[in-house]
Amino acid sequence: MVYLIGASGHAKVIIEILEDLDIKVGGLLDSNPEIKTLLDYKVYEGLPVSFNPNEDKLIISIGNNAIRKRLASSSIHKFISVRHINTSISKRSTIGEGTVIMAGVSMNSSCNIGNHVIINTNASIDHDCILENYVHISPNAALAGNVQIGEGTHVGIGACIIQGIKIGRWCTIGAGAVIIHDVPDGATVIGNPGRIIKMGKI
C-alpha cells in the first residue's frame, strides 16, 4: 500500500497513475486540517496507525523541489518510484527511489535518474542524460543526449536543452527557454537563446 505526502493537484495525477498500475492507495498525508479527502481518499495529518513500515511505502506528491528534499531527508520510511503505463523508458536507464514519471515521457538508453525526481507529461530525455536528486522536468521539455541536470533544478514547460549541456544545482530554467551554454549553480535562465537573469544562493 502507498501513502502520498501532499494533498495537491500533483497528488491527483500520481493517484491515477497508481490506480492504473493496480497499486493500492492507503490515503494522503497533509498538514492542512481543512483538507479531509482527495479523489475520495482520506487525508491524514500524520501517518495513520494502520501504516505498516515493513510493507507500506510513501511518495512525496509535492512539486516544490526544496520541500521534497526536506521531507525525504527527514523520513525513515521507504519510498516507491512509479511511472505511468504510457511511457517509453529504456531498459538500460536507471530510476531512483521516490521518482515519478508521468504519461507520454520518452527516455532513451543509459540515462541515470536520481531520487525524488519528477519527469512530467510528454517530456523527452535522450540518451546518457543524468538527472540528480529532486530535479523537476516540466511538461514537454526536451533534453538532448548527454545533458546533466544538477540537484534541485527546475526545467520549465517546453524548455529545450541541446546535447552535452551541464546545468548546475538549484537552477530555474524558464518556460520555453533554449539552453545552448552550460548554466552555473543557482542561476535563473530565460529566453531563446537562454540568458541568465538572476543568480541565487545555494
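**Reading the model feature by feature**

Reply: Please begin with one cysteine: Cys111 has 2% relative accessibility and therefore counts as buried. Bear in mind throughout that this is a predicted model.

Me: How many disulfides does the structure hold?

Reply: The structure holds zero disulfides. Cys111 is in none, and the nearest cysteine sulfur, which belongs to Cys129, is 4.8 Å away. To judge such a pair, compare the distance with the cut-off: a disulfide requires two cysteine sulfur atoms within 2.5 Å.

Me: Is the pairing of S3 with S4 parallel or antiparallel?

Reply: Strand S3 (residues 37–38) pairs with S4 in the antiparallel sense, again over two bridges. Here Leu38 is opposite Tyr41 of S4. S3 and S4 form a hairpin, with two residues between them. Leu39, in the turn, has a positive phi of about 50 degrees.

Me: Which strands make up the open sheet, and in what order?

Reply: The open sheet has five strands in the order S8-S11-S14-S17-S20, and the pairing is parallel. To find the edges of a sheet, look for strands that pair on one side only; here these are strand S8 (94–95) and strand S20 (166–167). S8 pairs with strand S11 (residues 112–113) over two bridges in the parallel sense. Within that pair, Thr94 has Asn112 in S11 as its bridge partner.

Me: Let us turn to a helix. Which residues of H2 are buried?

Reply: In helix H2 (residues 65–74), the buried residues include Asn65, Arg68 and Ala72. They cover an arc of only 55 degrees around the axis, which means that they are on the same side of H2. Elements that cover the buried residues of H2 include strand S5 (57–60), strand S12 (118–119), S15 and S18. On the face turned away from the buried side, the exposed residues Arg70, Ser73 and Ser74 are found.

Me: What caps the N-terminal end of H2?

Reply: Asn64 caps that end of H2, with a side-chain oxygen 3.0 Å from the backbone nitrogen of Ala66.

Me: Where is His136 found, and is His136 buried or exposed?

Reply: His136 is in strand S15 (residues 136–137). With a relative accessible area of 10%, His136 is buried. Apart from neighbours within four places in sequence, the residues in contact with His136 include Gly63, Asn65, Arg68 and Asn120. The side chains of His136 and Asn120 make a polar contact at 3.2 Å.

Me: Where does Ile157 lie, and which residues are in contact with Ile157?

Reply: Ile157 lies in the loop between strand S18 (154–155) and strand S19 (160–161). Ile157 is partly exposed, with a relative accessible area of 45%. Leaving aside neighbours within four places in sequence, Ile157 is in contact with Ser138, Pro139, Ala175 and Gly176.

Me: Where does UniProt place the feature "domain: PglD N-terminal"?

Reply: The unreviewed UniProt entry places that feature at residues 2–73. In the model, this span is 29% helix and 26% strand, and its end C-alpha atoms lie 18 Å apart.

Terms used:
Residues numbered from 1 in each chain as written. Predicted model: local features only at pLDDT ≥ 70, side-chain atom pairs only at ≥ 80, totals over all residues. Heavy atoms only, no water. Buried < 20%, exposed > 50% of the residue type's maximum accessible area, 1.4 Å probe, protein only. Pairing = 2+ DSSP bridges. Helix = DSSP H or I, 4+ residues; strand = E, 2+ residues; numbered from the N terminus. UniProt positions renumbered as here; feature names shortened; annotations may be inferred. Contact = heavy atoms within 4.5 Å. Polar contact = N/O pair within 3.5 Å; in protein donor to acceptor, adjacent residues only side chain to side chain. Arc of directions from axis to C-beta.
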